[in-house]
Amino acid sequence: MMLETWESADKVVKKDVLIKSIEFSKKPTECASCEVVIENIHVDNASVEDLKKTFNSNILDGTIKKILIIGEANCEIDRQIERAIQMMMVFEKSLVTLTISLEGIDQPLTIKFEITLNKVQPYKPIWEWTPEEKYSIALKYKESGVCLFKESRWVDAFHKFSKACKILITLEPISDLELDTKLESDINNLRLVLYNNMAGCQLNRKNYEYTIDLCTKILNKDGSNVKALYRRGVAHGNLRDLEKAVDDLKTVVTLEPQNRTAKEQYLLYNAKLQEANQKFEKMVRRMFKT
């Protein structure tokens with residue numbers, strides 16, 4: 001018998017249907033509650049225990065029967081499992097194969113398991129969410145991201161902040177919605193916080209260009225945002241753009257004279273800038289020496 005197969009465009013997720021659904025149902029979407037049974041887990045290049053202990057999976061933790069909320073995945077493995085579930089119908093049983101490249105391992109993980117989708121509590125599609133719902137769900141994702149950030153899980157935190165930001169982007173242009181003043185202010189403030197948090201993730205990952213782009217978006221809206229100025233300044237410094245680093249960090253020190261970390265960074269990059277300027281002046285003098 002030929003298996004009915006679905007594979008993601010990036011080849012990360014593959015799903016072979018073992019038992020077809022006996023009735024047509026809508027596939028799970030964001031925020032849907034799904035009751036699943038997971039069996040027969042096999043892993044290449046790692047152990048089953050590593051999936052939870054090392055790679056932070058809450059889905060493949062050895063528990064057979066689980067209730068999952070689509071969108072709440074907090075690691076790469078679980079995010080890919082959600083993709084597979086979103087291609088399933090109620091009462092379907094499938095063999096799922098994940099081929100995932102993760103930090104800390106030389107070769108991709110190949111994970112295979114059988115999953116049955118027993119029940120779905122649907123949630124309305126995102127285009128039917130009210131602005132209040134979008135704000136509430138985005139705030140929930142942001143708070144999850146903050147917890148991951150505190151655990152130094154920069155990539156997973158970034159995914160949460162990014163997901164929250166994408167929800168809020170669907171409200172643009174927000175001025176056309178004629179929202180309550182407080183709600184509109186809360187939404188705009190949350191977007192700035194999300195950009196700032198994403199910038200923090202990128203800075204910790206040493207992705208300095210992305211850090212600068214995100215911080216500049218914030219500063220175009222709020223020119224005295226201390227976190228954005230500090231992170232952009234440090235990113236400029238790491239890219240050896242000393243003048244821009246000093247400008248941003250000097251502004252932070254002016255706004256917050258007691259900010260010791262910013263002051264240390266300012267003094268560091270200012271000293272490097274003065275040294276670079278002195279070297280340049282000496283070079284110029286030598287060039288024009290008669």
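View 1. R191 is buried, at 14% relative accessible area (buried is under 20%, exposed over 50% and partly exposed in between, with a 1.4 Å probe and protein chains only). E172 is partly exposed, its relative accessible area being 38%. A salt bridge joins the side chains of R191 and E172, with 2.5 Å from N to O; the term means a side-chain nitrogen of Lys or Arg within 4 Å of a carboxyl oxygen of Asp or Glu. This pair connects distant parts of the chain, 19 residues apart: R191 sits in helix α5 (residues 181-204), and E172 in the loop between α4 (154-169) and α5. Helices (H or I, at least four residues) and strands (E, at least two) are DSSP runs numbered from the N terminus. The model is predicted, so local features need pLDDT of at least 70 and side-chain atom pairs pLDDT 80 or more, while totals for chains, interfaces and linings use all residues. Residues are numbered from 1 along each chain as its sequence is written, and side-chain values use heavy atoms, without hydrogens and water.

**View 2. The salt bridge between D61 and K66.** The side chains of D61 and K66 form a salt bridge, at 3.1 Å from N to O. K66 is buried at 13% relative accessibility, whereas D61 is partly exposed at 28%.

**View 3. A network of salt bridges around E151 and R153.** E151 and R153 form a salt bridge in which the closest N and O atoms are 3.4 Å apart. R153 is buried, with 17% relative accessibility. The network of salt bridges links E151 and R153 with E76, R79 and D156. In the model the count of salt bridges comes to 20.

**View 4. The six-stranded sheet.** Six strands form an open sheet in the order β1-β2-β5-β6-β3-β4, with antiparallel pairing (two strands pair if DSSP finds at least two bridges between them). At the edges are β1 (4-7) and β4 (65-69), each pairing on one side only. On average, neighbouring strands of this sheet are turned by 30° against each other, direction ignored. Axes are lines fitted to C-alpha atoms, for helices over the stretch in contact, and angles run from 0 to 180 degrees between N-to-C directions.

**View 5. Strands β5 and β6, with helix α2.** Strands β5 (residues 93-100) and β6 (residues 109-121) run antiparallel and are joined by eight bridges. I100 is opposite L109 in β6. Helix α2 (residues 76-85) lies across β1, β2 (13-19), β3 (33-44), β4, β5 and β6, at about 140° to β5; contact means heavy atoms within 4.5 Å.
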